Amino acid sequence: MIIHTNPAIPVAIKQELIATTQALCPDANTLVTAAAIKDVPESFKPWIADSWVFDTDIQLASRAYQNETIAINMGDDRVIGGHQQTTFVAAGPCSVESHEQLWTVAQSLKGLGVRYFRAGCFKPRTSPYSFQGLGSEGLQLLQQLRAEFGFSIITEVRDGSHCEEVIEATDIIQVGAKAMYDHAILRACGQSRKPVLLKRGFGSTLQEFVQAAEFIMSSGNQQVILCERGIRTFETKTRFTLDLCGVAYLKEHTRLPVVLDPSHAMGYRYGVPALTRACLAMGISGLLIEVHPNPSVAKSDASQQLDLEEFSSLYQTLPPLAQAVGYRLC
Ligand code: PEP
Ligand code: MN
């Protein structure tokens, strides 16, 4: 249940209400209890301005609470969500590997007009023997890149060991598929006011995915973007299965902007351009696409990254496709 308290509620009564209902307080006048609670004791009612009852713990993210999609301030002068039908494109390599690699991609992306640069420094690899990312050194390179090219940076928090450092350095915080259940990360994101791009765990239901967003929102940060990046099914010919039905569900039932990552879903570069166009046809707020100057030698996700030319050809086909479904690229 979401409760809006009357601003005149005495502090002691509010504390009692919070204790009685075991509520979380994302802001001064909002309380959120478990969905199982459907009413509050009579004595508190004079202090309640409004309330909403829910079937499940999809509450702050629900359109049943507020119908309008949340406007996300993207760290520059751009907004996605809200009344805007805008789609941002974030491109860049899977991992920060070197100054040369980053600057080569950046020059190409800047030339195309791309404004959001994605690259991981703390990589959540499946094997401890694989490249784990350049860590803090990578974050410094991304800072330099931002200063030189003016991109907004999207980079990911892998675990609690560097959470504050990444949140400080990045413009948009990425929480990866494998970190979707990391409550320390989710709560730290909730303390920040930066946009959080939350990726769906590949074994997570839509309910679990949105509940992860609820951890961030109930901790105080409403700037959450949901990213579908493929789920694991019985199919093994592609890396994952992109859940576009899930995208329709999220758009219908939640007020969080939805973005798509065709690169990780497909896992093979041959399918990425067509899949990107299919994603855009869903009417979405953003795209994440991996681009590398020489994908064959990439230190992570080599098979799915587009080279600079492939990305450039793809990028040029996107504006009319977005326009066909009432969106425009930003
Ligand atoms: C990534 O974006 O590079 C990444 C690791 O993605 P995911 O968390 O979706 O696997
Ligand atoms: Mn990757």
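Reader: Which helix does F149 lie in?
Author: F149 lies in helix α3, where helices (H or I, at least four residues) and strands (E, at least two) are DSSP runs, numbered from the N terminus. This is a predicted model in which local features need pLDDT of at least 70, side-chain atom pairs count only at pLDDT 80 or more, and totals for chains, interfaces and linings use all residues, while side-chain values use heavy atoms, with hydrogens and water left out. Residues are numbered from 1 along each chain as its sequence is written, and chains are lettered from A and ligands numbered from 1 in the order in which they are written.

Reader: Buried or exposed, then, for F149?
Author: F149 counts as buried because its relative accessibility is 10%; buried means under 20% relative accessible area, exposed over 50%, and partly exposed in between, with a 1.4 Å probe and protein chains only.

Reader: What is F149 in contact with, leaving aside its neighbours within four places in sequence?
Author: With those neighbours set aside, F149 is in contact with W103, A106, Q107 and K110, contact meaning heavy atoms within 4.5 Å. F149 and W103 are 46 residues apart in sequence, and their C-alpha atoms are 9.3 Å apart in space.

Reader: Moving to α2, which of its residues are buried?
Author: Q101, L102, W103, V105, A106 and L109 are the buried residues of α2. Their cover includes α3 (136-149), along with β7 (86-92), β8 (116-118) and α10 (308-324).

Reader: And how far apart are the end C-alpha atoms of α2?
Author: They are 20 Å apart, which agrees with the 20 Å that the 14 residues of α2 (residues 99-112) should span at 1.5 Å a residue, the expected span being 1.5 Å times one less than the number of residues. After α2 comes G113, with a positive phi near 95 degrees.

Reader: New topic: in what order do the four strands of the open sheet come?
Author: The order is β2-β3-β1-β4, with antiparallel pairing, where two strands pair if DSSP finds at least two bridges between them. Because β2 (24-27) and β4 (48-52) stand at the edges with a single partner strand each, one side of each has no neighbour in the sheet.

Reader: How many bridges join β1 to β3?
Author: Three bridges join β1 (residues 2-5) to β3 (residues 30-32), and H4 stands opposite T30 in β3. Helix α1 (residues 11-21) lies across β1, β2 and β3, at about 20 degrees to β3; axes here are lines fitted to C-alpha atoms, for helices over the stretch in contact, and angles run from 0 to 180 degrees between N-to-C directions.

Reader: What surrounds ligand 1?
Author: The residues around ligand 1 include C94, R118, K123, E156, H264 and E290, a residue being near a molecule or strand if one of its heavy atoms lies within 4 Å of it. A polar side-chain atom of R229 lies 2.6 Å from an oxygen atom of ligand 1. For Q174, an N or O atom in the side chain is 2.9 Å from an oxygen atom of ligand 1, and for K199 the corresponding distance is 2.9 Å.

Reader: Last one: where does S285 lie?
Author: S285 lies in the loop between α9 (272-280) and β14 (286-290), and it counts as buried because its relative accessibility is 9%. Beyond its neighbours within four places in sequence, S285 is in contact with residues including I80, G81, F88 and P257.

How values were computed: A polar contact is a pair of N or O atoms within 3.5 Å; within protein, one must be able to donate a hydrogen and the other to accept it, and residues adjacent in sequence count only if both atoms are side-chain atoms.
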